[in-house]
Amino acid sequence: MTRTRSLLSAALAALVAAAAGAAAAGGTVNLYSSRHYDSDDALFARFTEETGIAVNRIEGEADELIARMQAEGANSPADVFITVDAGRIWRADQAGLLQPVESGLLAARIPAHLRHPEGHWFGLSQRARIIFYDREDVADPPQTYADLADPKYRGMICIRSGSNIYNLSLLGAIIAHEGEAAARAWASGVLANLARPPEGGDTDQLKGIVSGQCEIAVANTYYFLRGLAGRVEGLSESIDRIGWVFPNQSTTGAHVNVSAAGVAAHAPNRDNAVRFLEFLASDWAQEFFAGQNHEYAAVPGVALAPAPARLGLFRADSLNLVVLGENQTLAQQIFNETGWK
Ligand code: FE
């Protein structure tokens, strides 16, 4: 009897301790995110289930969220800033909106070239910016980014504008690998090869192949994969016509960029923010986060989603993505000076 009673009280004490632990681990984390998917709810629900931390989201365009955080200053409720493209999160970091995070878990799981060296931000999923072509019209598609500037492709290439962050980051990588003079010659050469003045987003470049306006297009992998998934009008019906090349496979590897997140400089819930980033680096969250947008996980060894698996394996550039931000101003200058729109 006495023994039963003491077991019961021990169990009760454990319950009370667990409840106290849950309360201590609770609270909230406020996300400022320019990435939005309907399936985010499932992602955040799982985080809340594991940690007791509620997730509040504020969604908007990256530049709007950056402006908002700047205006809010030290009073900003933002704990975590999430956006796409290393060049864009670099802008937020340059504006002093992010703080260093030391996390053994994040450092161990996310490859060094996909994160800021002092932990100001971490890449969470990867996309490659690659070459697409019309299988019917192009027998010898470009095999490298440099090939895009070859005069034999005159009048054939579609790519979005020179102020777009994806192109600024691509040119930033070319500057890093080839130097400024070569990057300038490349920008001039590609401009001379354009089928039309830059217009629209990456999907529009791919649609240009279908409509016959372009023979070659540059786009991020997930735009093509959305078409392949069968949900993009003007693209999906004729997607089989489009072939793809992962460029620079015998040299630097295909240019990759990331969706990334960092802890806000004035995060009121800093510990929860770090915990959230660590959660996003878990196997389950990695698979989910990348899979939402047909991207590649940032953490090595996480299962490849069926959509990107269809493109095959490739060699990715291992340049530290911070360099893309550092070269951004020069890249914009080169695009402007060579006459890009
Ligand atoms: Fe995009």
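**View 1. Two domains, one chain.** The centres of domain 1 and domain 2 sit 27 Å apart, taken over C-alpha atoms. Their contact (heavy atoms within 4.5 Å) takes 18 residues from domain 1 and 16 residues from domain 2. Domain 1 covers 26-126 + 258-309, and domain 2 covers 128-255 + 322-337; such bounds come from an automatic or database domain assignment. Keep in mind that this is a predicted model, where local features need pLDDT of at least 70 and side-chain atom pairs count only at pLDDT 80 or more, while totals for chains, interfaces and linings use all residues. Residues are numbered from 1 along each chain as its sequence is written, and side-chain values use heavy atoms, with hydrogens and water left out.

View 2. Zoom in on the metal and you find three protein donors, Y166 (OH), Y222 (OH) and Y223 (OH), at 1.9 to 2.1 Å from the iron ion. Donors here are N, O and S atoms within 2.8 Å of the metal (3.2 Å for Na, K and Ca); water is not among the atoms, so sites may look incomplete. Along the chain, the iron donors follow the spacing Y-x55-Y-Y. Distant parts of the chain are linked this way: Y166 belongs to helix α6 (residues 165-178) and Y222 to helix α9 (residues 221-228), 56 residues apart. Helices (H or I, at least four residues) and strands (E, at least two) are DSSP runs, numbered from the N terminus. Both Y166 and Y222 are buried, meaning under 20% relative accessible area, with exposed set at over 50% and partly exposed in between (1.4 Å probe, protein chains only).

**View 3. Helix α9, mostly under cover.** Of the 8 residues in α9, 7 are buried. They are T221, Y222, Y223, F224, L225, G227 and L228. Just after α9 comes G230, with a positive phi of about 90°.

**View 4. The largest nonpolar core.** This core holds 55 residues, and F132, L148, L171, W186, L206, I216 and F224 touch the most other members. A nonpolar core is a set of buried Ala, Val, Leu, Ile, Met, Phe, Trp, Tyr and Cys residues joined through side-chain atoms within 4.5 Å. Helix α6 gives the most to this core, with 7 residues. At least three residues come from each of domain 1 and domain 2. Another core, of 52 residues, lies apart from it, with L31, F81, A92 and L98 among its members.

**View 5. Who touches W186?** Leave aside neighbours within four places in sequence, and W186 is in contact with Y145, A146, L148, A149, L170, L171 and I174.

**View 6. Helix α4 against helix α6.** Helix α4 (residues 86-94) packs with α6 at an angle of about 95°, their axes 8 Å apart. Axes are lines fitted to C-alpha atoms, for helices over the stretch in contact, and angles run from 0 to 180 degrees between N-to-C directions. The two helices, α4 and α6, are therefore roughly perpendicular, a label for angles of 65 to 115 degrees. On the α4 side, G87, R88 and R91 meet I165, L168 and S169 of α6.

**View 7. Two loop residues with positive phi.** D85 has a phi near 85°, a positive value in a residue other than glycine. D85 is in the loop between β3 (80-84) and α4, and counts as buried at 0% relative accessibility. N248, also a residue other than glycine, has a positive phi near 55°. The loop between β8 (242-245) and β9 (256-264) holds N248, which is buried with a relative accessible area of 10%.

Definitions and conventions:
Angles under 35 degrees count as roughly parallel, over 145 as roughly antiparallel, 65 to 115 as roughly perpendicular and the rest as oblique.
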